[in-house]
Amino acid sequence: MLPKHPRPHHTGVESTASTQELPLSQLPAGVTAQVTQVHGGHGLVNRIACLGFTPGAEVKLLQNYGHGPLIALVRGARLALGRGEAEQILVRVLSV
Amino acid sequence: MSQPAPDALTAGEQLEPVLKVALVGQPNVGKSSVFNDLTGQAQYVSNWPGKTSEPKSGSCDAQGRSVQIIDLPGTYSLGASLAEERMVREFLIRQQPDVVALIVNATALERNLYLLAELLALPVKVVLGLNMVDVAAKQGIVIEPHVLEAALGLSVVPLNASRSQGVDELIQAAVCLAAQPHGYTPNRPEIRSDHRTVLEELQRLIAPYVPAPYPVDWAALKLLEGDRQITELLHPLLGEQWPAVHAILMQHEDAILAIAGGRYEWIGRMMRAGITQPRAGQLTLTDRIDRVATHPVWGMLILVGILGVLFWLTYALGTPLQTWLDVHLVQAGSLWALAQLQAAPPWLAELVANGIIAGVGTVLTLLPVLLIFFSVLGILEDLGYMARAAYVMDRFMHLMGLHGKSFLPLFLGFGCNVPAVMGARSIESPKARLITILVTPLVPCTARLAVLATLAPIFFGAQALWVTWGLVALNLVVLTGVGIVLHEGFLGGEHKAFIMEMPLYQLPNLRTIAASLWQRLVDFMKMAGSIILVVSVLLWALSTFPGGTIQTSFLGLVGQKLEPLGRIMGLDWQMLVALLTSFVRKENTIPTLAVLYGVGTQGAGLGDVLGDRLTQPAALAFLAVQMLFIPCMATLATIRQETRSWRWTALSVALLLGVSLAMGIAIYQGARLVGWK
């Protein structure tokens with residue numbers, strides 16, 4: 001479930017319409033992807049960006065059961081993220 | 001606890017001021033181990049963010065200089081969203097330490113160096129301590145400190161803090177750096193070219209208005225990042241300039257992503273030469289353990305198993321020890337004091353025996369239980385498991401606006417509310433910590449469960465088990481309800497983002513665990529010796545004067561005055577007094593009732609007397625109130641210690657008083673309405 005009014009004011013890497021972007025929360029476990037956009041309020045974007053989720057960063061999902069929180073490997077560290085937070089991070093799949 | 005190195009003033013050294021070295025690092029980097037090694041002090045070392053919630057300082061000597069070491073809270077960045085972040089940067093800007101020793105975790109160097117990128121924007125000198133190099137090597141990460149040193153233009157010292165290796169070299173490097181005013185030329189991250197122009201424009205606009213000691217270029221950078229604290233600070237000061245500044249900021253609302261991205265690019269360049277990473281995709285031990293430990297089903301079973309062992313230990317070891325201490329320390333001590341003070345006025349002997357020894361002694365009997373809880377907790381923390389427990393419990397805690405990190409403290413409450421309140425230290429969001437502390441007393445502790453288990457059969461006979469389960473469930477329902485109300489109503493507004501590092505599993509370091517255990521026990525003992533001592537004496541006076549017996553005491557009189565309130569719940573004044581005396585210790589309910597009803601005087605046991613005095617609805621109301629009532633004084637004193645606020649402590653009392661009495665009234669009156677007698 002996406003929040004009703006996501007504020008799309010943070011767009012880093014220009015993404016072409018043809019490549020498939022999806023929220024990090026929908027990325028299956030074991031898949032590596034590249035961050036394209038980070039949405040959300042200022043405070044959240046700030047925290048997420050400092051922890052390494054910036055456009056262009058590689059992220060690998062270590063765990064995603066389709067509900068509840070998930071675990072991602074980003075910038076060499078493991079981070080647990082709530083599903084709501086993961087929905088604000090858009091990624092493009094790099095490899096399966 | 002802080003010792004600002006007074007020995008600096010010995011002969012011949014008067015001219016050399018004490019050198020201030022601040023330890024900075026992200027959580028889980030072993031920073032507090034470095035602090036312990038340097039200063040020889042016991043202090044929390046945490047695998048769990050937010051433990052060092054206020055700066056601690058200690059002193060050491062290096063190269064003939066006296067050095068004050070300040071341990072700052074672990075923080076991932078120098079933003080404004082978390083209290084720790086604000087605290088670290090305020091300290092660095094206002095206190096201006098001579099050197100900052102940044103401790104980084106070699107296994108997650110990329111993320112760890114982000115803090116360096118931010119530190120280099122401040123007017124501080126930095127040395128880099130590269131910790132856990134051995135663990136990194138096992139993962140195939142090869143780091144060449146000299147190459148990294150050359151790239152960064154900073155001293156890089158490899159450390160193995162858990163074995164005290166490299167710590168002396170680190171402090172020597174810091175002292176050397178402080179001694180060379182001009183030898184410090186680090187490689188600083190640069191901002192993207194289009195933002196550079198914007199930044200220069202911002203600097204020009206705000207320069208006359210930035211208050212000391214904030215550096216103008218740093219303030220401009222933080223404005224561009226959208227930093228709330230700096231924006232709120234400068235907004236009123238800028239006056240007529242604000243619209244111009246605001247317009248620039250609105251145009252570059254996305255700047256933080258570009259700035260953070262730029263810092264990570266810089267980190268990538270710095271790491272390219274000195275670090276060889278293994279090919280991504282190989283499964284580490286941590287990943288393999290996590291497949292089970294964070295699995296929705298297996299992870300839950302493991303957590304239940306661990307908690308089961310913890311409670312088994314508490315009942316098998318803690319409770320018998322507690323009883324033993326009660327008999328041999330408190331009761332024997334009281335008798336001994338009475339015997340010693342035979343010559344003294346009777347009130348004095350009573351004060352010492354029944355006030356001080358009974359009150360403080362009772363609280364000290366909690367020590368074995370606390371020792372068990374904190375040892376197990378310390379091992380789990382150091383192992384890296386606590387973050388996993390929080391992860392597994394996250395979805396359940398979300399129901400009441402809390403996240404996974406609140407689960408463990410709350411669960412500890414079933415044993416004893418004191419470690420539960422202390423355990424809330426590990427929650428980094430101040431609001432979530434406060435909500436956790438405020439709802440903790442609603443978790444029924446062993447003492448309250450013991451009272452329930454004693455009284456329920458007296459009133460309800462064969463149905464006692466159902467009543468017991470029902471009342472425990474009632475507590476949990478009320479807890480969830482109060483949690484939701486607190487979160488939505490009074491303490492809401494803060495986004496409950498769940499973002500938590502999952503540190504690598506590592507073998508627990510017993511020295512570190514012992515240090516943290518010792519610190520927590522010392523905190524508790526200090527409390528027993530101060531606030532609890534005062535409250536014990538006060539309560540003793542209230543239950544003794546003016547009449548000499550509890551019936552004729554202030555407490556008894558208050559109970560009698562409150563009888564109309566009691567009647568709404570079907571309770572007589574003796575019941576109300578029993579609730580009041582349960583404040584010293586929850587088990588007091590039963591002896592108080594025995595005294596007030598004259599149990600033993602006519603050969604009748606407590607069961608006979610109580611069963612006759614109360615109807616079942618009134619008994620149910622009484623048990624519900626006693627389960628939800630104000631916590632014992634040890635818990636309340638801990639709440640005061642942890643919140644550092646009498647206001648929140650008073651609110652906690654008012655909240656629980658209101659909730660428990662409302663529930664008592666609702667049960668009794670509800671039962672009468674449906675015709676149950």
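**View 1. Strands β2(B) and β3(B) pair antiparallel.** Seven bridges join β2(B) to β3 (residues 65–71) of chain B. Two strands count as paired if DSSP finds at least two bridges between them. Strands (E, at least two residues) and helices (H or I, at least four) are DSSP runs, numbered from the N terminus. B:K56 stands opposite B:D71 in β3(B). The model is predicted: local features need pLDDT of at least 70, side-chain atom pairs count only at pLDDT 80 or more, and totals for chains, interfaces and linings use all residues. Residues are numbered from 1 along each chain as its sequence is written, while chains are lettered from A and ligands numbered from 1 in the order in which they are written.

**View 2. An open, mixed sheet of six strands in chain B.** The strand order is β2-β3-β1-β4-β5-β7. β2 (56–62) and β7 (156–158) stand at the edges; each has a single partner strand, so one side of each lacks a neighbour in the sheet. Neighbouring strands are turned by 25° against each other on average, direction ignored. Helix α5 (residues 145–152) of chain B packs on the sheet, touching β5 (126–131) and β7 of chain B. The direction of α5 makes about 160° with that of β7(B). Axes are lines fitted to C-alpha atoms, for helices over the stretch in contact; angles run from 0 to 180 degrees between N-to-C directions.

**View 3. The side of chain B that touches chain A.** Here 33 residues of chain B are in contact with 35 residues of chain A. Contact requires C-beta atoms, placed from the backbone, within 7 Å. α11(B) gives the most to this side of chain B, with six residues. The residues of this side divide into 16 nonpolar, seven polar and 10 charged. Nonpolar means Ala, Val, Leu, Ile, Met, Phe, Trp, Tyr, Cys and Pro; charged means Asp, Glu, Lys and Arg; the others, Gly among them, are polar.

**View 4. A strand pair between the chains.** Strand β5 (residues 77–81) of chain A and β9(B) pair in the antiparallel sense over three bridges. A:L79 stands opposite B:E501 in β9(B). A:L79 is also among the residues touched by A:A72.

**View 5. B:P503 in a loop of chain B.** The loop lies between β9 and α22 (510–529). B:P503 has 27 C-beta neighbours inside 10 Å and therefore counts as buried. The cut-offs are 20 or more other C-beta atoms within 10 Å for buried, 12 or fewer for exposed, and partly exposed in between, with C-beta atoms placed from the backbone. B:P503 and B:G378 are 125 residues apart in sequence and 15 Å apart in space, C-alpha to C-alpha.

Conventions:
Contact = placed C-beta atoms within 7 Å. Lists of a residue's contacts leave out its neighbours within four places in sequence.
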